[in-house]
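Subject: Structure for your review

Dear colleague,

Please find below the structure I am handing over to you. My notes on it follow.

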Amino acid sequence: MDVLDSACALEAKQTAMALSNHFAAQPKQTQLKSADECYECSADIPKARQDAVKGCQFCIVCQDLIDKGKL
Ligand SMILES: [Zn+2]
């Protein structure tokens with residue numbers, strides 16, 4: 001394994017760690033509060049939807065695609 005290989009392996013390890021920390025922290029936020037904007041496309045999520053769907057993180061369009069397994 002050369003220097004570049006080990007650098008790549010290290011970076012992948014750090015990325016995986018950061019991602020798992022990020023997703024581990026996520027459920028707590030979703031229970032507390034709906035997102036103002038969609039996590040997927042950054043569209044504004046209407047206040048009515050934020051109130052109706054507690055902890056929603058996606059706009060209607062993206063949520064629909066997620067429900068259908070397309071995202
Ligand atoms: Zn969206």
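Helices are here DSSP runs of H or I with at least four residues, numbered from the N terminus. In these terms, Ser42 sits in the loop between helix H1 (3–32) and helix H2 (47–52). Please note that this is a predicted model.

The protein contains three helices and zero strands, and along the sequence the pattern reads α-α-α. Of its 71 residues, 4% count as buried. Among contacts with a separation of 6 or more, 13% are accounted for by residues 24 or more positions apart.

Ser42 deserves a separate paragraph. Its phi is near 65°, a positive value in a residue other than glycine. Is Ser42 buried or exposed? Within 10 Å of Ser42 there are 10 other C-beta atoms; a residue counts as exposed at 12 or fewer, and Ser42 is therefore exposed.

As to confidence, the protein averages a pLDDT of 86, and 89% of the residues score at least 70. Among the elements, helix H1 has the lowest mean pLDDT, 76, whereas helix H3 (residues 60–67) has the highest, 96.

With kind regards

Terms used
Residues are numbered from 1 along each chain as its sequence is written. This is a predicted model: local features need pLDDT of at least 70, side-chain atom pairs count only at pLDDT 80 or more; totals for chains, interfaces and linings use all residues. Helices (H or I, at least four residues) and strands (E, at least two) are DSSP runs, numbered from the N terminus. A residue is buried if 20 or more other C-beta atoms lie within 10 Å of its own, exposed if 12 or fewer, and partly exposed in between; C-beta atoms are placed from the backbone. Two residues are in contact if their C-beta atoms, placed from the backbone, lie within 7 Å. pLDDT is the predictor's confidence in each residue, from 0 to 100.
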